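Thanks for coming. I will walk through some strands, some helices and the ligand site, in that order.

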Amino acid sequence: MERLIIIGSGPAGLTAAVYAARANLAPLVLAGHQYGGQLMLTTEVENYPGFPNGILGPELMEAFRAQAERFGAKIENVDVTRVDFSVRPLRVWAGDEEYAAESVIVATGASARWLNIPGEVHLRGRGVSTCATCDGAFFKDRHIVVVGGGDSAMEEALFLTRFGSKITVIHRRDTLRASKIMADRALAHPKIAFIWNTAVVEAKGEFHLQGLVLEDLVTGERRDFAADAVFIAIGHDPNTEIFAGQLELDKAGYIVSPDGVRTKVPGVFVGGDVYDIRYKQAVTAAGMGCKASLEAEKYLEERDAERALSLRG
Ligand code: NAP
């Protein structure tokens, strides 16, 4: 039986692992097949403190992992498929493999949202993508569309200027949600054009994307729009399917916690984007992972003390 299992290996999960490992808990991190979380899909991270010249997302996550392993964290690249938090010890499964633990930190993060429009599933990986770092290079000298008006969309659009002949950002409103610095960079870029108040309502193409259908949200008019690729950057949904019925989730699927650390199940803690609908930053996720780990440590200490008392009694 494990003292502590950490589910997830983004900044929250791996920070929790560093702290728990340094507290001699030898935590087991069930990292997922694609370990490292969302930063594995980004390029330059410019706002993680301590890196004045920026650092590549995957490099940052390698450093997190190495630091956790240095102090004795065990990391398995498996996807958790089921949990049972109604029993003691707590149970976690990855396929047929069963794990038992006294405490668990849930740090499964969030995944990119899709538009759910006709053609999107069929053309995924064939011109429709949510990851510019993964797929951008396939569209050299092509016309690329980015959907969204937040920081992710601006980041994707700016990154894609390395490849595309032209980038068109399509946003459903007439103002950007992105931070000023990112918005200004994108608005000033000669390769980036904007289409406002417009929704992408269909992706067209048989074997690869050939065009989009756009709807003007002011007039309701629809029109065809030629594009070789579309990158959807409209936010994220928390990865909480496996916790339904086990932990309280809010309407959007985020884990409910009274203090942002504890869940309603004793011994189960939470950290990072799986809880945090508001900030969603690598540095805030890391801070939450730290808090979750310190609380898990305290919980285990108290359990040990109770056990020692009852043995003596
Ligand atoms: P976000 O801030 O929630 O923005 C999502 C964007 O997509 C919004 O503009 C939203 O439109 C649009 N959208 C949502 N659903 C849509 C739909 N169904 N159809 C069309 N458009 C849709 O998400 P994000 O950009 O992924 O950023 C999330 C967090 O990560 C933010 O806190 C952000 O600052 C941070 N982040 C930071 C960086 C950086 O600093 N380098 C990079 C990436 C992300 P509305 O504006 O109309 O709501």
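This is a predicted model: local features need pLDDT of at least 70, side-chain atom pairs count only at pLDDT 80 or more; totals for chains, interfaces and linings use all residues.

β11 and β17 pair in the parallel sense, over four bridges. Pairing here means that DSSP finds at least two bridges between two strands. The helices (H or I, at least four residues) and strands (E, at least two) are DSSP runs, numbered from the N terminus.

Residues are numbered from 1 along each chain as its sequence is written, and side-chain values use heavy atoms, with hydrogens and water left out.

Back to β17. Strand β10, residues 128-129, is joined to β17 by two bridges, and these strands run parallel. Ser129 has Phe231 as its bridge partner in β17.

Are the faces of β17 covered or open? Both are covered: Ala229 and Phe231 are buried on one side, Val230 and Ile232 on the other. Buried means under 20% relative accessible area, exposed means over 50%, and partly exposed is in between, with a 1.4 Å probe and protein chains only. In a regular strand the side chains alternate between the two faces of the sheet.

Next, an open sheet. Three strands pair antiparallel in the order β14-β15-β16. β14 (198-204) and β16 (222-226) are the edge strands, each pairing on one side only. From one strand to the next the twist averages 30°; the axes are lines fitted to C-alpha atoms, for helices over the stretch in contact, and angles run from 0 to 180 degrees between N-to-C directions. Strand β15, residues 211-216, pairs with β16 over five bridges, and Val213 stands opposite Asp224 in β16.

Now strand β1, residues 2-7. Why is β1 described as largely enclosed by the rest of the structure? Because five of its six residues are buried. β1 runs parallel to strand β8 (residues 97-106), joined by five bridges, with Ile6 opposite Ile105. β1 also pairs in the parallel sense with strand β2 (residues 28-30), over three bridges, and Ile7 has Leu30 as its bridge partner there. With helix α1 (residues 11-22) between the strand names, β1, α1 and β2 make a right-handed β-α-β unit. Right-handed means that, with the strands pointing away from the viewer, the path from the first strand over the helix to the second runs clockwise.

Ser293 counts as buried because its relative accessibility is 0%. Leaving aside neighbours within four places in sequence, Ser293 is in contact (heavy atoms within 4.5 Å) with Ala16, Tyr19, Ala20 and Ile105.

Last, the ligand. Which of the 20 residues around the ligand come nearest? They are Asp151, Ser152, Arg172, Arg173 and Arg177. A polar side-chain atom of Arg172 lies 2.9 Å from a ligand oxygen atom. A polar backbone atom of Tyr279 is 3.4 Å from an oxygen atom of the ligand.

Notes
A residue is near a molecule or strand if one of its heavy atoms lies within 4 Å of it. A polar contact is a pair of N or O atoms within 3.5 Å; within protein, one must be able to donate a hydrogen and the other to accept it, and residues adjacent in sequence count only if both atoms are side-chain atoms.
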